[in-house]
Amino acid sequence: MEKYHKNDVAPIERENERDEYYNSSNPQIDRDRTKNNYHTIFRDCSYTEYINKRIAFLNLPTKPRKDAVVMNSFVIGSDKDFFDQLQPHEQRQFFLDCTHFFAERYGVDNIISSIVHMDETTPHMHLNIVPINNNRLSSKSLFDRNKLSQLQTDFHKAVAKKYTLQRGIEGNQTRHLTTAEYKASKIINQAHKQSLQVRTEAEQLHQQAEQLLAEQKVYKQALNEAQSGEQTNNRQKLKDQVTALIIENAKLKQDNARAYNDNKVLLQETKKITQLEQKLEQTQKQLKYAKQLINNFVRYEYPTCKRIATFFPTLMAMFTEVIVPPQEQRAIRQQYSDEYDEQENKKKDNYK
C-alpha cells in the first residue's frame, strides 16, 4: 500500500491510466498490449477532481493540510504461475472479486479508480482510495499497522482462499517493498534470469562450435586420405573417409547447381542483348532506306510541286532526327529549293 499527497496524484494517474502512446521508463511495459488494460471501476473525471469532490462532500470545517495523504493505492496480484492456470474470464472474475471486497470495506464512493494492467509481465490491479474514515480525511487511522494486517487476513478469507492463494506470514516484521521497489526487483530478477539464459545458450553454442571444429578436422583429414588413395584397415577411419566423401560430394553438387543457375541467368541476359542489337541494326537499315526513298522522290522533277522539295526533308527529319540533325535539315531544304529554282529558270530560258 502506498500513500500519496496532492501533488503526487497526477503522475500516478498518468501511469495507471496510460495508453499505447505513454512514455515510461519501465521496460516491462509492452505498448502493444496496453490496449488490453481495463477498469473494474471508472470515473469520468481526473483523480484530483474526484478527490476534491469527495473532500467537499465531507464539509470539513477547515481545508486539509498540504501534506495530508489524499490517496492510498493498492497493487493487487499474484505470480505468473497463478494467472497462467486461469482462463481469461477467470482472471477477470478474480479482479472483480478483489474490487468488490475493497468496495464493501471502504465504500465504493471512496474508490477513485481500479484498473487492471495486462501490458506487463503479470496481470495486476491498481486500486486507489480516498482515505475517509468516520467522515474525515485520515489515512493514518484507516491504515495503521494493525489494520493493514487485519486487511490481509480478511482479504485472504474472502477472496484469496477461494483461488487457493496463501496468506503471507502473519506478524512478519519484514519491511514490505514499495511499488517502485517491487517493480525494480522484478526487473532485476528478470534481467538475472535472462543473463543466466544467455550465458547457458552461449556455453551450448561454444560446445557445438568446438564439436563442429573437431568433426571438421577429422573429416578434412579423412578426405585427404581418401583423395590420396591411402588404404587403411581401420573401420572407423574408413567410416570417416566415406562420410567425408559424401559431404564433399554434396558440397560439389551445391556448387554445380549454383554455377548452373548463374550460367542460365547469364545466357538469358546474353540472348536479350543479342535480340536488342539485331533490332537496332534492323531499325537503322530501315531508316537509311527511308532516307534514300525520300531523297529520290524529292529530286524527281514534278511540275508545280516546289513545296514537296521542302516538305519531305521536314517529314524525314520528324522521323529521323537522330540521323538528320536540324542544321542538315535546313541545308537539305535550301539545296532542293535552289535546284528546283534552277531547273525552272532553265525551262523558261529554253522556252524563250
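**Close-up 1. E20 and its contacts.** Setting aside neighbours within four places in sequence, E20 is in contact (heavy atoms within 4.5 Å) with R31 and T34. This is a predicted model in which local features need pLDDT of at least 70 and side-chain atom pairs count only at pLDDT 80 or more, while totals for chains, interfaces and linings use all residues. Residues are numbered from 1 along each chain as its sequence is written, and side-chain values use heavy atoms, with hydrogens and water left out. You will find E20 in the loop between helix 1 and strand 2; helices (H or I, at least four residues) and strands (E, at least two) are DSSP runs, numbered from the N terminus. E20 is partly exposed because its relative accessible area is 34% (buried is under 20%, exposed over 50%, partly exposed in between; 1.4 Å probe, protein chains only). The C-alpha atoms of E20 and R33, 13 residues apart along the chain, are 8.0 Å from each other.

Close-up 2. Look next at strand 4 (residues 111–117) and strand 5 (residues 124–129), joined by 6 bridges.

**Close-up 3. Helix 6 and its packing.** The buried residues of helix 6 are L151, T153, F155 and H156. These buried residues pack against strand 3 (71–77) and helix 4 (88–106).

Technical notes
Pairing = 2+ DSSP bridges.
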